[in-house]
Amino acid sequence: MSRIAYVNGQYLPFREAKVHVEDRGYQFADAVYEVCEVRDGRLIDQRRHLQRLQRSLSELRIRPPISWGALDVVLHEVVARNRIRYGIVYLQISRGVARRDHAFPPVSVEPSLVVTARPLNRTRNEALAASGIAVVTVPDNRWGRVDIKTTSLLPNVLARQAAVEQGARDAWFVDDAGAVTEASSANAWIVTASGAVVTRPADHAILRGITRMVLLDVIKAQALTFEERSFTVKEAYAAREAFITSASQIVLPVVRIDGRPIGDGRPGPLATALRREFHKFAEAS
Ligand code: PDD
C-alpha cells in the first residue's frame, strides 16, 4: 500500500508530497511539530499534544493554519488512509513560504501544514524495552527555549549521531552544572538507590513531554516517591534504574550510561511496571 501525506489541504501520494524551496521551515527551521503515538488505530493523548502545539505556535507567533476541529479530522484521516494500527503520526507547521528574509513575512503568508504517519514495529519496540538501551552523555549546547517544540533539532541530530557512533542508542544532554537535561528526543529519568523516581522540572531547559505528564499521573496513582528536581550524571551512574519517555517509545529502560551498567545492567522493575501501566492512564481518541 502506498503512503499518503497531507500537505496544505491535499492528501497526496508520498512521491508528490512536497513543500516549496522557500518554505521557512526548510530555510530557517521556522516551524513547530508534534508526534503522537498511534495504538490500535487510535491517537494517544492527542488533546494534550494539540495543547502543547497551540503553546508552541503562540510562543513563536505562528497562526494555526486550520481550525483545531479540522486538524483533528486531518490527523485521523492520515492515520486511516495509511492504515496505521501501531505507529506514529507526525505534524509540522511552518511560518509558510516567502522570499528569504529573517524577519517575519507579511501576515498574508499562510503557514504550511504537513501531516504524515508511519507504522512502527511493535515486536521490535517491545524487544528493545525488554533489553533496555545504552546512552552516552553529551554537553547540552541547545538554545534557551527547548520547551518550544521546534524543528530546529541540529544539536539533537548531532547528539544522536554521536551516540550511534559510540554504539549507544541515545544521548543524554548535560548542562553546565553537570545536571542531565533530557535525551535527544525524550525526557530522562532515574530511580535512586532509595527508590525515589526523579526527573527534571519542566522549565525552559527541557521539552515538557506529554508522556512525562501522563507518567506523573501513573506515579501518583501508584503512590511512588517522586522528586521533581535536577540530577547529575554522577547521580545517574549510581542510580538503581534509569529510563526515558517519549510518545514513540513510552517508557524505555536505560541499562548503560557512558558504558557503566545501571543497577544490575538490566531493565528495572519500576520502569517495566510504569511502561506496562502507562496506557491505562493515557487518552485514546
Ligand atoms: N520527541 N524531549 C525531546 C527533546 C523530545 O523531542 C521529545 C519528543 C520529548 C518527549 O515528549 P513527548 O513525551 O511529548 O513525546 C522530550 C518526539 C517523539 C520526536 O521528536 O520524535
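T245 lies in strand β13 (residues 241-246); strands are DSSP runs of E with at least two residues, numbered from the N terminus. The model is predicted, so local features need pLDDT of at least 70 and side-chain atom pairs count only at pLDDT 80 or more, while totals for chains, interfaces and linings use all residues. Residues are numbered from 1 along each chain as its sequence is written, and side-chain values use heavy atoms, with hydrogens and water left out.

T245 is buried, at a relative accessible area of 2% (buried means under 20%, exposed over 50%, partly exposed in between, with a 1.4 Å probe and protein chains only). Leaving aside residues up to four places away in sequence, T245 touches A186, N187, W189, T211, R212, L215, I250 and V251. Contact here means heavy atoms within 4.5 Å. P111 is 134 residues from T245 in sequence and 30 Å from T245 in space, C-alpha to C-alpha.

Two packed helices are described by the angle between their axes and the distance between the axes. Helix α2 (residues 46-60) packs on helix α3 (residues 68-81) at about 125°, with axes 12 Å apart. That angle makes α2 oblique to α3; roughly parallel is under 35 degrees, roughly antiparallel over 145, roughly perpendicular 65 to 115, and oblique the rest. From α2, the contact uses Q46, L50, L53, Q54 and L57. From α3, W68, L71, D72, L75 and H76 take part. These contact residues divide into six nonpolar, three polar and one charged.

Key. Axes are lines fitted to C-alpha atoms, for helices over the stretch in contact, and angles run from 0 to 180 degrees between N-to-C directions. Helices (H or I, at least four residues) and strands (E, at least two) are DSSP runs, numbered from the N terminus. Ala, Val, Leu, Ile, Met, Phe, Trp, Tyr, Cys and Pro count as nonpolar, Asp, Glu, Lys and Arg as charged, and the others, Gly among them, as polar.
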